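Colleague: Hi! Could you walk me through this one?

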Amino acid sequence: IVNRLMEIAAEEMKCPVEIEFACNLETTPAIFNVLQIRPISADSLQARVDWDAIDQTDPLLISESALGTGELKDVADIVYLRKESFDILRTREIADQIRRLNDEFRRRGRGYLLIGFGRWGSSIPTLGVPVQWSDISEARAIVEASLENFRVDPSQGSHFFQNLTSFNVGYINIDTFARKDECYHQEMLDRLPAEWESEFVRHVHLDKPMRLVVDGFKSRAFGGL
């Protein structure tokens, strides 16, 4: 049943799909129900990164834990949470600010890099910022970083995995405490003028697109200004 459903759905949607189903094998006859059928973007399956051709000088971020689609060439906006004021008791307030910024990016037709701490999309506000996908839908890549006094297991994009794969959005995890070759230099962003900022969130716009590569095949990511 599953194989036949996959064939039919892929033929009708003209792309690979994933299905969610439930079955009860205790009844006679057994019962099989389809819950959801969703398309999966295959664009990222063709992405290959020639790291020798990537300018990796003056990194903003380096990660050895990434899921992604290759080189992103048109990201000139960065939205990031401030390390010095991040407060796990006020993450719902942070989510509201991210939502308003995302609405503005949607209105302008622009994408951005989103950098935060803990898990994006967590249902537990003390483990990260409890955004919904619609709150960060214009992000081209999302970063989950760690702080010295705030280290939680990364989501690995699981909260939005379907959306990440369907829309070719990169996922980057940075844990400079567990993996010494990784880095995230917020001070580079702090030196830039802000398009908008609050106590917790800052948005900067670059004069030209940043160097951003998210290589899911090698689980590597690099970002430079």
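This is a predicted model: local features need pLDDT of at least 70, side-chain atom pairs count only at pLDDT 80 or more; totals for chains, interfaces and linings use all residues.

Colleague: Is I37 buried, partly exposed or exposed?

Modeller: I37 is partly exposed, because its relative accessible area is 33%.

Colleague: And where is I37 placed?

Modeller: I37 sits in strand 2, residues 31-39 (strands are DSSP E runs of at least two residues, numbered from the N terminus).

Colleague: Which residues have the most contacts inside the largest nonpolar core?

Modeller: I78, I98 and L113, in a core of 51 residues. Such a core joins buried Ala, Val, Leu, Ile, Met, Phe, Trp, Tyr and Cys through side-chain atoms within 4.5 Å.

Colleague: What does L113 contact, leaving aside neighbours within four places in sequence?

Modeller: L61, V75, D77, I78, V79, A141, V143, M210 and L212, with heavy atoms within 4.5 Å counting as contact. Another core lies apart, with 5 residues including V49, W51, V213 and F222.

Colleague: New topic: what is the strand order in the open sheet?

Modeller: The order is 5-13-14-3-10, with antiparallel pairing (at least two DSSP bridges between strands). Strand 5 (69-72) and strand 10 (183-184) each have a single partner strand, so one side of each lacks a neighbour in the sheet.

Colleague: How many bridges link strands 13 and 14?

Modeller: Strand 13 (211-215) and strand 14 (220-224) pair over 5 bridges. For L212, the bridge partner in strand 14 is G223.

Methods. Residues are numbered from 1 along each chain as its sequence is written. Side-chain values use heavy atoms; hydrogens and water are left out. Helices (H or I, at least four residues) and strands (E, at least two) are DSSP runs, numbered from the N terminus. Buried means under 20% relative accessible area, exposed over 50%, partly exposed in between (1.4 Å probe, protein chains only).
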